[in-house]
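Please walk through this chain with me, one region at a time. Keep the model open beside the text.

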Amino acid sequence: MGEPTESRSTAGESMSDYGPVPPAGSSTAGKSTVSKSTVSKSTVSKSTVSKSTVSKSTVSKSTEGEQAGISALSGAPGESGSALMNTYFPPRITFVEGEGTYLLDSEGKRYIDFFSGIAVTSLGHSHPVVTEAISCQASKLMHVSNIFGNGLRDDLAAEINKLVCAGRSGSAGQVFLCNSGAEANECAIKLSRKWGNPARFRIISTQGSFHGRTLATWAATGKSAGSLSFAPLPGGFDFIPYNDIPALEHALASPDVAAFLVEPIQGENGIVVPDDGYLHAAREICDRYGVLLIADEVQTGIAKTGEWFAFQHDGILPDIVTVAKALGNGMPVGACWASREVASSFVPGDHGSTFGGQPLACAAALATLDVMQDIDAPARAIAIGRAVNAMLEDADGVSSVRGRGALLGIVLERDCAKQVAETALDWGLVVNSPRGDVLRIAPPLTINELDLQQGLEILAGTISRVAGHEA
Ligand SMILES: Cc1ncc(COP(=O)(O)O)c(C=O)c1O
């Protein structure tokens, strides 16, 4: 636990390496790089408002009735009369445009985005290379089904395989392409059961974990434990405490266990980082008992922790790795990677998806991975993490900063993270609060130094205002 760990060499790296500084004239807090023609109302950002000029009345009262569960900022109309099902709380803000680090709402107000749509848009909004790849592919071929090849899905599988096995000669696996994190984990669960069939079927996961909202992934989610809302859930799922090696050893000794499913960092639980070596020990115990190790990298995956995948900090290779979120920089795309030996358990018909691996999603993901490699996205994540720590670890109202690279939890001294997130919105910054005392940030890895500093100043000011000693 504790401060971000830096396992990659970044000697000599400076914050000015983040990328282009906004054009002249846009370098002050109140100006936006979003093109003028798209801004209908005032673009003067509240982020220029200093701590002292913001009265306490700006502290939002809108936290009443907020979701006790996951991602308070994930909103959609749930009001009576809406045609949308009531699965999210009604949103306070509607965003209509995004460019790089910025979002623009329907009132014309500009925000710095440290949330990245729940750790998705790691290259910022509408990255030109990704946008170009999507529009070119859309005008060429969008969908043919998996009954036919499409010229892109094999390339994407090879690219994911390369990054999962980075630095490990002789390792290779195979990939199932899908559309979301839950689907990637669903594939991992089915694959483990097929591999272990019939003797090994039990899936061990951890308390506090989050793996998705399909029935099986919900059954595997520690946060769902005890909930009877969707009973009966599929059986064969058990939970052990996170970061507890003896509990893992005990659970895996049972001969019916097929797999241990674990997040390298628990994201939705508030960026909970296990002790150094946890995954290394898990790998060793899984090997000893002949159990598969599944790393759920849906949130931690693709560069943002300072490695391509967070398990790489421990120098291990899991048997199965799931990924989604940042893979398409906003295009829905997910993947389940497995070692060749494990992947060979599937035969045609065992698993599938109409849309999985379709050309449009593959084009977006290939472009995303290309850009990430071009800009050395893991090194940027480490530099961002350093800057965040330098600014916030001793800040008023902050108890600690935890996480790795640019996937960080700001632990507050008081249980008021939702109020801080709401107030930050007022001040022109998007962050979120996965739990009462923790703010989560995952700034785009393309953020420039100026925007990062400005966002951090807003955040420090907001935390001090709401959670600080004089609040
Ligand atoms: C670790 C983890 N696994 C799985 C999921 C589910 O992903 P999705 O919402 O794309 O289905 C999430 C979503 O937040 C996640 O954080």
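Helices (H or I, at least four residues) and strands (E, at least two) are DSSP runs, numbered from the N terminus. This is a predicted model, in which local features need pLDDT of at least 70, side-chain atom pairs count only at pLDDT 80 or more, and totals for chains, interfaces and linings use all residues. Residues are numbered from 1 along each chain as its sequence is written.

Start with the whole chain. Its secondary structure comes to 12 helices and 15 strands. Of the 471 residues, 51% are buried. A residue is buried if 20 or more other C-beta atoms lie within 10 Å of its own, exposed if 12 or fewer, and partly exposed in between, with C-beta atoms placed from the backbone. Contacts come next: two residues are in contact if their C-beta atoms, placed from the backbone, lie within 7 Å. Among contacts in the chain between residues at least 6 apart in sequence, 73% join residues at least 24 apart.

Now take β1 (residues 95-99) and β2 (residues 102-105). Four bridges join these antiparallel strands. Two strands pair if DSSP finds at least two bridges between them. Phe95 stands opposite Asp105 in β2. Two residues lie between the strands of this hairpin, and Gly100 takes a positive phi near 60°. β2 is also joined to β3 (residues 110-113), by three bridges, and the two run antiparallel. Here Leu104 has Arg110 of β3 as its bridge partner. The hairpin of β2 and β3 has four residues between its strands, and Gly108 in the turn has a positive phi of about 90°.

Which residues come nearest the ligand? They are Ser180, Gly181, Ala182, Val298 and Gln299, out of 15 residues around the ligand. A residue is near a molecule or strand if its C-beta atom, placed from the backbone, lies within 6 Å of it. Helix α4 (residues 181-196) gives the largest share of the shell, three residues. By class, the shell has five nonpolar, seven polar and three charged residues. Ala, Val, Leu, Ile, Met, Phe, Trp, Tyr, Cys and Pro count as nonpolar, Asp, Glu, Lys and Arg as charged, and the others, Gly among them, as polar.

Next, some backbone details. A cis peptide bond joins Asn197 and Pro198, with omega about 0°. Pro198 sits in the loop between α4 and β5 (202-206). The peptide bond from Ala231 to Pro232 is also cis, with omega near -5°. Pro232 belongs to the loop between α5 (215-219) and β6 (237-240). Ile302 is a residue other than glycine with a positive phi, near 65°. Its loop runs between β8 (292-296) and β9 (320-323). Ile302 counts as buried because 32 other C-beta atoms lie within 10 Å. Lys325 also has a positive phi, near 30°. Lys325 lies in the loop between β9 and β10 (334-339).

Why does Lys325 count as buried? It has 29 C-beta neighbours inside 10 Å.

Move on to helix α9 (residues 359-374), which holds Ala364. Ala364 is buried because 25 other C-beta atoms lie within 10 Å. Residues it touches include Val130, Ala133 and Ile134. Asn329 is 35 residues away along the chain, yet the two C-alpha atoms are separated by 7.5 Å.

Then look at α10 (residues 377-392) and α12 (residues 449-467). They pack at about 35°, with axes 10 Å apart. Axes are lines fitted to C-alpha atoms, for helices over the stretch in contact, and angles run from 0 to 180 degrees between N-to-C directions. From α10, the contact uses Ile384, Ala387, Val388, Met391 and Leu392, and from α12 Leu452, Leu456, Leu459 and Ala460. The contact has nine nonpolar, no polar and no charged residues.

Finish at the open sheet of four strands. The order is β11-β12-β15-β14, with antiparallel pairing. β11 (398-404) and β14 (432-435) are the edge strands, each pairing on one side only. The twist averages 30° from one strand to the next. Helix α11 (residues 417-426) packs on this sheet, touching β12 (407-412), β14 and β15. Nine of the 10 residues of α11 are buried. Just after α11, Gly428 takes a positive phi of about 95°.

Definitions and conventions
Lists of a residue's contacts leave out its neighbours within four places in sequence.
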